[in-house]
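Could you keep the coordinates open while reading my notes?

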Amino acid sequence: MSEYAENLSSALVQRRYEWIASTVDSTVKKGSGEIFTLTDMLDQVFLDKHLGIPIFLTILWTMFQFAFAVSEPFVVIIERVFEMLGAWVNQAISDPYLASFVSVGVIGGLGSVLVFVPPIFGLFLALSILEDSGYMARAAFVMDRFMYRLGLHGRSFIPLMIGFGCNVPAIMATRSMDSEKDRMITMLISPLISCSARLPVYVLIAGALFGASYAGTAVFAVYALGIVLAVVMALIFRRTLFKGEPSPFVLELPTYAVPDASSAILHMWSRGRMFLKKAGTIIFWATIIVWLLSVHPWEATSGGQVIAESYIAWIGHAIEPVFQPFGWDWMAAVALLFGLVAKEVVVGTYGILLGAEEAGLGDALVSQGLFTPLTGFAFMAFVLIYVPCVAVIGTIAKETNSWRWPAFALVYQTALAFIVTGVIIAVGRLAGLS
Amino acid sequence: MEELKHSTGKWLGAYALILGIGYAAAALAEATRNPEIIPGGLLSIAVLLVISATYLMGVKGLIGGRREGLSFLMGGLLLSGAVGGLYLMMAGADWLMYLLGETEDFAVTYETSLVTILLILAMPLMPILRKMTRKMAW
């Protein structure tokens, strides 16, 4: 029944556009190839069949470089503020339990996540500027032919782009898609697009293991991996669960505009505050739980000094065998377990387990030999792919009115994470990497 | 839009040619100056080649006095602004890192890349294009 409705809807759209085209042909007089507006001029370049996609990739690269490279000193400033706060708390509070709770649990755990506010806000600012300029719709148009070949709808592109910020609004943005099949495919592959919550993990691991020269490339490679996997899964879903052709893509391109600074900042803030809210609620409580588990039993851990004797170490050792083939220890297992709540908690967990804010966290990861570049990259890939966070699961359930699809997303992504990570490790070892 | 005179088109075409070659040279310089940055710098090289191609695609049209050439010149200028602006901001971030004591030295000469020079070279085009398109609606 829904298939007939989709065909009818497509036929109506097609007929409507045929009618518009014939009416325009018989009533509007145009000069030969005359360019009328600035929008026409810019479209000639940005929608060029040869240059369109390379220009889009150039803009994407510029956006990521802006978000990561330019925000670096601001990250350092926030790190220092948290370091100073931690040191002050240790001096000011005499009770060791309370001092540990505030300096390690609150400042260490939460601080290691909040240092990533600058790159996240930078990414949101760049996305807002692109949207306000009118380029985002062009990006969807430019990618349409490519997306169609992959069995995706051109309109899928916009939710997927939004997914770079957060997968929750990305899934909600699929409401704009007419075809239920196209919408389901987009919804199921959206969590594979690397959202800003995973960014702290990438920045931490890549910064520690790949050095300043290669860290950006490692992060870009994980983003690219997410896109490739999304494409592959879209193809698989199109040929199995949601058979058929994508529906026609009809999009009205808005005129270009000079982005307004206040509006771009407002957009950035409205998206960014979601991250801050999450830091103050879900991430805060998750890090408190991690801290509690890491300092108890209080006597056995000597007041949180010997984490190996804590409950969290016990949990970690229990699930460690699952991840041992990838060369990860119990800390990675625990970090991934708590990352189910929100991916940022992976960094917060390491912050508590290693007792260091982000500045020293990277160094601690290296000095303790927890990862090699190969196992570190595999860890980044796993964080990208495995189980979407709680909020994404809830949104898929709400949007599909069923728990069947979130359960499916959970299972397929976990399986995919193990397969892809296994392949990365195997290929790396074959290439002689440790 | 004002008429594109043949002579104006010719010198704008020459300007676009110089910028196009300039960006291609910058890409080449980036690849040869720092071979260890590949594959890390591969993306920045590709970006410079895209800007170069955008300028070069406008040359024929501009020399021929066709307005379509102006579109590519304008697109190239926008990309120059975005990428050149990014390099300037990255230099600013390096300076801040130096002030914070995170890096040992900061040299303006090292930070001034070919991309920044090319942005400065492209800047005079801005008022010219603005004048030519001032009566055009968005």
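My comments follow as numbered points.

1. Conventions. This is a predicted model, in which local features need pLDDT of at least 70 and side-chain atom pairs count only at pLDDT 80 or more, while totals for chains, interfaces and linings use all residues. Residues are numbered from 1 along each chain as its sequence is written, chains are lettered from A and ligands numbered from 1 in the order in which they are written, and side-chain values use heavy atoms, leaving out hydrogens and water.

2. The core. The largest nonpolar core has 167 residues, and A:W328, A:Y350, A:F371 and A:F379 have the most contacts inside it. Helix α11 (residues 199-239) of chain A gives the most to this core, with 18 residues. Such a core is a set of buried Ala, Val, Leu, Ile, Met, Phe, Trp, Tyr and Cys residues joined through side-chain atoms within 4.5 Å; buried means under 20% relative accessible area, exposed over 50%, and partly exposed in between (1.4 Å probe, protein chains only).

3. A:F371. Leaving aside residues up to four places away in sequence, A:F371 touches A:W328, A:Y350 and A:F379, among others including A:I205 and A:L209. Contact here means heavy atoms within 4.5 Å.

4. A:L276. This residue sits in helix α12 (residues 261-295) of chain A; helices are DSSP runs (H or I, at least four residues), numbered from the N terminus. A:L276 is partly exposed, because its relative accessible area is 30%. Its C-alpha atom is separated by 8.0 Å from that of A:L114, 162 residues apart along the chain.

5. A:W19. Lying in helix α1 (residues 2-27) of chain A, A:W19 counts as exposed because its relative accessibility is 56%.

Notes. Helix = DSSP H or I, 4+ residues; strand = E, 2+ residues; numbered from the N terminus.
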